[in-house]
Amino acid sequence: MKKGLWLPAALLAGILAFCLWNSASMTRSTARWQAQLEEAERLALAGDWEGTAAAIQEGYDEWSKRQTYLHIVTNHDAVDAAEAMYHRALAFARSEEDSELRAELADLRDQLRLLAEMEEFSVKNVL
């Protein structure tokens with residue numbers, strides 16, 4: 001390889017490595033958040049509203065710790081929509097609104113799946 005091409009090739013390799021790491025990191029994080037929401041739904045179905053709210057709050061606390069990173073690497077509107085869904089789900093859990101909570105949790109899990117999909121390293125996202 002020509003002497004002048006090493007720097008651009010190294011830069012491209014670094015960008016590729018970051019993209020692959022970011023995709024894996026987002027997949028792991030969203031899977032964990034989705035599992036927390038599934039646990040919250042299980043608790044709601046069992047009638048444990050205090051546990052439901054605690055599970056949602058725990059997931060939201062973890063979500064909040066990643067806010068800066070999420071706003072850097074992904075679409076702000078998608079992150080803001082998930083944030084609002086967390087708040088609505090927590091309000092529904094605290095007011096013991098079963099059907100609204102389950103619908104909001106399903107929407108939030110889907111939004112988290114979309115966040116991971118947006119960061120997935122794939123042909124669809126590259127083109």
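Q: Buried means under 20% relative accessible area, exposed over 50%, and partly exposed in between (1.4 Å probe, protein chains only). So are W63 and Y86 buried or exposed?
A: Both W63 and Y86 are buried. This is a predicted model, where local features need pLDDT of at least 70, side-chain atom pairs count only at pLDDT 80 or more, and totals for chains, interfaces and linings use all residues. Residues are numbered from 1 along each chain as its sequence is written, and side-chain values use heavy atoms, leaving out hydrogens and water.

Q: How many aromatic pairs are there?
A: Five. Rings of Phe, Tyr and Trp (its six-membered ring) pair if their centres lie within 6.5 Å; planes under 30 degrees apart are stacked, over 60 edge-to-face, the rest tilted.

Q: What sort of pair do W21 and Y69 make?
A: Edge-to-face, because their planes are at 80°, with the ring centres 6.0 Å apart. W21 is in helix α1 and Y69 in helix α3, 48 residues apart in sequence. Helices here are DSSP runs (H or I, at least four residues), numbered from the N terminus.

Q: And how accessible is W21?
A: W21 is partly exposed at 44%, while Y69 is buried at 18%.

Q: What about W63 and Y86, what type is that pair?
A: Tilted, since the planes are at 40°; the centres are 5.6 Å apart. W63 lies in helix α2 and Y86 in helix α4.

Q: Which residues do ring pairs link into a cluster?
A: W33, Y60, W63 and Y86.

Q: New topic: which residues of α2 meet α5?
A: W49, T52, I56 and W63, which meet D98, L101, L105, L112 and L115 (contact is heavy atoms within 4.5 Å).

Technical notes. Helices (H or I, at least four residues) and strands (E, at least two) are DSSP runs, numbered from the N terminus.
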